[in-house]
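Hello,

Here is the structure I promised to pass on. Have a look at it first, and my notes come after.

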Amino acid sequence: MSKILIDIGSTYFKVSQDEGIAQYFRNFERNIYDDFQSRCGDLLSRYAKEDVHICSSANGGLSTLIIGLTHSFSLKYATNIAYNAGINIIDTVLYSHIHEYTPPQEQIDVVIIVGGIDGVKNIFDDTLLDYLKQINFHNIVYVGSDKSHSFMQENLENILILDNIINPKLQVRGEELKNFLTNLYQQDITGKEDIKHLYEFTSNQIYSTPYIVNRSMGMMHKTFEVADPFILIDIGGATTDIHYSRDLVVDNIVSESEYDRLVFKKLGVFKSRDSLVFSAKNNEFVYELLEFLNVTENILEEHSDNATKILMQLSIFLVLYKTSLHHNLYINLQLEKLNSIIFTGGITKVLQFEEVEMIVKFFCKKLLHFHQIPSLIIDDEYKIWTLGIKGSSHVS
Amino acid sequence: MKVVTGVVGNDIHVVANRLIDISLQERGFTVFNLGVNTYLEEFIDAVIETDADVLLVSSLNGEAEGWCRDLGILKSKFDLSGVVFMIGGNLSVGEVSTEEIIPKFQNYGFDLVSHQSDLNEGLDELEALLKERL
Amino acid sequence: MSLLQREREIIVANEYIDNFDFDEVKEFITNASKNLFISHKFKNSDNILVQPRGGFPTYDKVFELYGEFKASNVDVLPLTIDSNTRLNDYAMAKKMLALSEENDTNMLNGYPLVNHGYRTTRKMMVHYDTPISLRHGTPDARLLIETALASGIFEIEGGPITYLLPYSKNFPLDKAFLYWKYVERVCAEYSKLNEPINRESFGPLSATLQAPAIVIVIQLLEMLLSLEEGVKSFSVSFSQTGSMNQDAVSSNVIKKLARKYADKFGHTDAVINLVYHQWMGAFPYNKNSSDALINTSTVIAAIVGANKIITKTRDEAFGLPTKESNAQAVANVKYTLNMLKGLPKIHDEEEEENLTLQVDEILEAVFNDNADTLWRKVFNSIKKGYIDIPFSPHIINHNEVITVRDPQSNIRIYNKGNLPLSEKSFAFDRDKIRLGENESVVQKIIQDIGVML
C-alpha cells in the first residue's frame, strides 16, 4: 500500500503521494485543521491512517531556556541536543552570572537546568528558584548532577529528572534529553487547539519538520549531487534552519549524528521580516551586496515580488555570514571547506538557481576570497522532507 | 581529590599528557583529562563542572605564557577560592632561568609552577601543598 | 554518470584546482608505465623493496631528493605531504609554498601536492619512472588522492583509523570512514585500467608502545574496508617493536590472518603485502647507536619476510635529514639486505597462538556489533573501547589501555581497559610483566618508551 506524506508549514501544506508532490497556500482565515480538511480531506479518506505520515512546523516549534553551569560543557551540550531535537528558540543563561540576565517575558515551553557531573554537590541554590519565579514556563527538566535531584524535587513542582547529559568523562550523553524534547513536541501539538485534531488523520507520530529534515541528511547522497562536507539551508517564513556536516566545526563533542542543526529565529522573510531587515542594515557588507544586486536601499521598505526576492537573497547572505568565522556564534562553521550547499523551504519557490548562485558567489568572494563556489542544489520539489519522513516510517 | 588536567594551547604532546594522567591516578587522584590542545576557558569550565580540587595545566612546547596570561581574569569571574592551580612542563622557549619563570607564572595566578623539573618531584610538591591546605 | 563520479566532479571543482580533466587522467593511467606501479614491482621482485621517507615544499627540492635516492638504487620513492594540506588548509599551504620558493627555505614540512597540481607533479614522476608512495596523515584525503593518482602516484598510504587516531583530537571519525570509502573506490576504479593501485595501512600508529594485537586488528579492518570497495592490492604494516621475537611473531600472525580474513570475506583475488617500518620511536642521540639500530631492523625485515622496508636515518634524533644522509641510509640498507637472502623463518608457537587468539577475540566483538555496515561496526567498536590505542590524542579513543615491556622487551598489555580479551589471552600478556621493587607503572613506561635511547 502506498503512503501519503504531509508537511504542514506556516505558509504551505505540502502533500506527497506516489504521483508526485502538490502544495497548497494556507488560507489564514481558517484554522489549520479546517483549512487542511477542506483541501485534502477527500484525498486523505483514500488512505488508511497508518499510511498517513505528517510532519509539521506550523506550531512554531518549542521555545527553550537553558540554565547551565559553564559555556564549554553544560550549555554547549544542552544547546546541541535541543537544536537536534528540533527546538527552534533557545536562550541560555550562565548560572554563575544569572543575576545579569533579564528574565524572558514571553512564555517558555521548556526550561532545561544542567550542571555538574554526577557526584558534585551544592551547585544550585535559591538564586535559581528566585529567577525561575519570574519566568512563565510550561515544563521544566533537570539533566545535571545527581546530587541535586532532591533539591530540584523539593523546590520545583513537576520538575522532570532525566539522566545527566554530562558523563563522568565530561562527554555528552544526550539520548534521553533528545527523546524527551522530541516527544514534548508531540505533546505540544496535542495541546494546541488548532492542530491537535491532525491526529484524526494519522496513527503515526507527528514529528517536527526540522527533526525530519535532519534525519534525511545521511541519505542526501542518494538523491542529490552533493558532496560532504555540506550545509543545508532551510529558509522559511519564520525561521531559518541550518543543518551542517559535523566536520565543519572544531569542537570536542563526540556526536551521535553526522549532521547537527542550528536555527536563526529572526531571519525569516515573512513573519520575522522586520528583524531580517534590521540585521541586514547592520551588516558591514550589505550596501556592497545591494549594489551588486543592482538595487537601492529603498527596496528593503518595499512590498513587491522583487523586494521579497531581494530579502531572500539577503537572508541567504546573512545566514552564511553568521555561521562563518566572521561572526561569533555558539559554533562557527569552516565554510571554506564546503563542497555543497543545499537550499530548501519557501525560497526554492521564489528564487531562480542563478539568483541563489549570485549571492553565494558574492559571499565566497567577499568573505572567503574564493572565485570558486560550492556546488548548489535547489530542492524545489521538496524531496528532502519526503526522504526523511520515509526514513522515519522505516524505523517505526 | 579531583584533578582536571590537559595540555594548554596548540600543543600536541600526548605522551606527556598521558603520563601525567596515569601518575595522578597512581597517586589516588580522580583525573579528568582534557587531553592536548586545550584552551584556558575549557580548563576553568571543567574545574567548575567537576568541582575539582586541582587544576594541573601542562605545556611542553614553550608557548604557555601566551595561553595563560588571562588566568587572573577568568579566576575573577568565578568562585574558585578552594582550587589549587598548578602549571608544569617546559614553560618557555629558549634559555630562561627558572628563577625568572616561577614568579611570572605565579603572578598569572598559579599556586605551583614547575619548570623543566621531574614529573614525580612536581607531583610530590603538589601533594605537600594539598596536605598543608587541609 | 555514477553517484561516485558526480561526487568526484564536485570535489575537484575546488578553488585551488585548475581544471581537473578526468578523461585525460584516465587515459594517462591506462597508458602509464608499469614501472610506476608498486603492485607490479611487488609481483616481479623477490627482493625486499626499500623506501625512504621524505618530502620538501618545492618541486625543485623534491626533484633533487629523488635524484639522490635514485643514485642509491632506491626501489620506491616517498612523497610526504605538508601538514597544512593534511588539514585541507590549501590557502595556508599556498602562502607557505610561495615563501619557500621566494626565499629558498623550507616553510612547509612536506610537498603541498594539491597546490602544485597534477600537471606539474606528473612530469617529475614520469621522469623518474619509479613507484612513488604517498605519505600524508589526512582524514579527508579525497582531493589529495585525486591529485596524487593523476600525478602518477600509485601507492596511497593511510586509512580512516590509522590516519586519524594518532594525529587528530576531534575530526569526526564517522566522516573519516566515509571520506576514506571514497578514496578506496577511486583507487578501485583506476585499478581496472592498468596494474592495480596499491593501498597501504599505517601500522606504527602513535609509534609508542603499541600492542601487536591492537595493531593487527586495525590493519585487518582497514584492509577489509579497502577490499570491500574493490581494491585488489593492499599492504598491511607494522613498525619494529623493540623485540626481534615479537616482530617475528607479529609478522607470522598478521600474514596468516590477513589472508584468512581476506578470503573469508570473499576477496580471494586480492594480493596482500607486508611492510615493515624501521624503529619509529624515540631515536638515540648517539649516531653509532642509530647505525646499529637501523642495521638490526634491516636484518629483522629480512627475517620476517617483509615485502617492503621503510627506512630511517642516523640523524633521526636531530630533525629532518639532509638528502645526502637520507640517500646514504638507503644505500646502507640495500647493502645489508644483500647478505640476507633466503633466511629461514623464526617461529614461536605459543606466542603466535596467543596473539592469534587476541586478534580473533577483538575482531569477533567488532563483527558482532549490530550495525549494518562494516565501517559502522568499527566506528561503534572504537566508541566502546573495543579498539583503544595507547597515546592517541583523539577524544573518541578510550585511553584506558596501558602497555609496558616484559624483561625480553616484548610489548605487553598491562591494563586492558575495554578490550574484549578473554581472561586467558590477557593473562598470557599480563603475567609476563615484571615491575621492579618500588617501580611505578609510569616509571616503567618512561623507561620503555626510551628503550633505544
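Predicted model: local features only at pLDDT ≥ 70, side-chain atom pairs only at ≥ 80, totals over all residues.

**Chain A and its domains**

Chain A is split into three parts: domain 1 takes in 1-59 + 192-217 + 382-396, domain 2 covers 63-173, and domain 3 runs over 225-378. Between the C-alpha centres of domain 1 and domain 2 of chain A there are 33 Å.

A helix to look at in chain A is H11, residues 305-323.

**Backbone details in chain A**

- A:Asp228 and A:Pro229 are joined by a cis peptide bond, with omega at about -15°. A:Pro229 sits in the loop that links helix H8 (220-223) to strand S11 (230-235) of chain A.
- A:Asn158 is not a glycine, yet its phi is positive, near 65°. You will find A:Asn158 in the loop between helix H4 (149-155) and strand S9 (160-161) of chain A. A:Asn158 has 9 C-beta neighbours inside 10 Å, so it counts as exposed.
- A:Tyr382, also not a glycine, has a positive phi of about 50°. The loop that holds A:Tyr382 lies between strand S15 (375-378) and helix H14 (383-395) of chain A. Buried or exposed? A:Tyr382 is buried, because 21 other C-beta atoms lie within 10 Å.

On the chain B side, 13 residues of chain A are in contact with ten residues of chain B. Sorted by class, those residues of chain A are six nonpolar and seven polar, with no charged residue.

On the chain C side, 20 residues of chain A are in contact with 17 residues of chain C. What classes make up this side of chain A? There are four nonpolar, nine polar and seven charged residues.

**Chain C**

Chain C has 18 helices and ten strands. Its radius of gyration is 21 Å, close to the 22 Å that the globule rule gives for 453 residues, so chain C is as compact as a globular protein of that length. The C-alpha trace of chain C spans about 65 × 55 × 40 Å along its principal axes.

Of the 453 residues in chain C, 56% are buried. Counting contacts in chain C between residues at least 6 apart in sequence, 74% join residues at least 24 apart.

**The nonpolar core**

The largest nonpolar core has 289 residues. Which residues have the most contacts inside this core? They are A:Phe317, B:Leu55, C:Val217 and C:Leu220. Helix H11 of chain C, residues 212-227, gives the largest share of the core, with twelve residues.

For B:Leu55, leaving aside neighbours within four places in sequence, the contacts are B:Val4, B:Phe43, B:Val47, B:Val83, B:Phe85 and B:Met86.

Terms used:
Residues numbered from 1 in each chain as written. Chains lettered and ligands numbered in written order. Helix = DSSP H or I, 4+ residues; strand = E, 2+ residues; numbered from the N terminus. Expected span 1.5 Å × (residues − 1). Contact = placed C-beta atoms within 7 Å. Nonpolar A, V, L, I, M, F, W, Y, C, P; charged D, E, K, R; others polar. Buried ≥ 20, exposed ≤ 12 C-beta atoms within 10 Å, placed from the backbone. Rg over C-alpha atoms; globule rule 2.2 N^0.38 Å. Core = buried A, V, L, I, M, F, W, Y, C linked by C-beta atoms within 7 Å. Domains from an automatic or database assignment.
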